[in-house]
Amino acid sequence: NYFNYNYPQPKSKRFNLTYEYTDCPWNKDAKLLMLGVQAKDVEKEPNSNLVFLIDVSGSMYSRDKLPLVVESLKKLTDEMTKNDRISIVTYSGQEKVIVTGARGNMKNCIAELADTLEASGCTNGEAGINMAYDIASRYYIKGGSNRVILATDGDLNVGISSPTELSKFIAAKRDTGVYLTVLGFG
C-alpha cells in the first residue's frame, strides 16, 4: 500500500492483524470494521525471474487491456536490476517468445519489445503456459522469486481450458518452485 499505517512488525508470525471496530457515524444500525495486515519487512528483496505470459488475442484489443498490460510491464521494469531476469511470451492462435532471460536493467529494450505487441486471434493459453514455465525453469534463480505472470482478459478457449485441469497443471508446476500470478484486465 502507498500509505504507511505504522502497524507493528510481527515478532514470531509471518504477519500481524490489526483491527478497529466501532459504531458507524452515519448509520446507527451499522458498525464499521477496519482490518490491517502487516507482513514482516524483507531485509533484501530476492532477485526475480519473471516470465510475462501475455494474452494478445483479439479480445485484448481495447485500451483497458493490452495497452494497459504494456504500460504496467514498463513500470515494473523500472524497479528491476541487472540481477533480475525478464522474459515475455505471448499467446493467441499461437505462442510466441518475444524475449528470454533479459537482464532487468535492459529497460529500454524490454519497453521497445513490449510496444510491438498487437492483439489478434483466438485464445490458446495452454501452449503459452507450457512455454512460459519452460522459460521460467531455464532461468530459475535459487532463493529468488521465480514466477509466471499471466496477463489476460478472460478464459482460455483452446487447449487446457477447464478450471480443474488448469488447477492440476498449475499445482504440479508450483512444486518446481515456479509460481503463477494471474492479472485480469478489462
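Five strands make up an open sheet of mixed pairing, in the order 5-4-3-6-7. Helices (H or I, at least four residues) and strands (E, at least two) are DSSP runs numbered from the N terminus, and two strands are taken to pair if DSSP finds at least two bridges between them. The edges are formed by strand 5 (95-103) and strand 7 (179-184), each of which pairs on one side only. From one strand to the next the twist averages 15°. The model is predicted, and local features need pLDDT of at least 70, side-chain atom pairs count only at pLDDT 80 or more, and totals for chains, interfaces and linings use all residues. Residues are numbered from 1 along each chain as its sequence is written, and side-chain values use heavy atoms, with hydrogens and water left out.

Strand 3 (residues 48-55) and strand 6 (residues 145-152) run parallel and are joined by seven bridges. Leu53 stands opposite Leu150 of strand 6. Helix 1 (residues 66-77) packs on the sheet and touches strand 3, strand 4 (85-91) and strand 6, contact being defined as heavy atoms within 4.5 Å. The direction of helix 1 makes about 170° with that of strand 3; axes are lines fitted to C-alpha atoms, for helices over the stretch in contact, and angles run from 0 to 180 degrees between N-to-C directions.

Strand 4 pairs with strand 5 in the antiparallel sense over six bridges. The two strands form a hairpin, with three residues between them. Ile86 has Ala102 in strand 5 as its bridge partner. Ser87 is located in strand 4 and is buried, with a relative accessible area of 0%. The classes are buried (under 20% relative accessible area), exposed (over 50%) and partly exposed (in between), for a 1.4 Å probe and protein chains only. The side chain of Ser87 reaches the backbone nitrogen of Gly101 at 2.8 Å. When residues up to four places away in sequence are not counted, Ser87 touches Leu50, Val51, Phe52, Val99, Thr100, Gly101, Ile135 and Tyr139.

Five salt bridges are present in the structure, the criterion being a side-chain nitrogen of Lys or Arg within 4 Å of a carboxyl oxygen of Asp or Glu. Side chains of opposite charge can pair when their charged atoms come close. One of the salt bridges is between the side chains of Lys31 and Asp23, at 2.4 Å from N to O. Lys31 is partly exposed at 46% relative accessible area, and Asp23 is partly exposed at 49%.

Another salt bridge is between the side chains of Lys65 and Asp153, at 3.2 Å from N to O. This pair links distant parts of the chain, 88 residues apart: Lys65 is in the loop between strand 3 and helix 1, and Asp153 is in the loop between strand 6 and helix 4 (163-174). Lys65 is buried, with a relative accessible area of 17%, whereas Asp153 counts as partly exposed at 25%.

The side chains of Asp115 and Lys74 also meet in a salt bridge, at 2.7 Å from N to O. Here too distant parts of the chain are linked, with Asp115 in helix 2 (residues 107-115) and Lys74 in helix 1, 41 residues apart. Asp115 is partly exposed, at 48% relative accessibility. Glu71, Lys74 and Asp115 are linked in a network of salt bridges.

Methods:
Polar contact = N/O pair within 3.5 Å; in protein donor to acceptor, adjacent residues only side chain to side chain.
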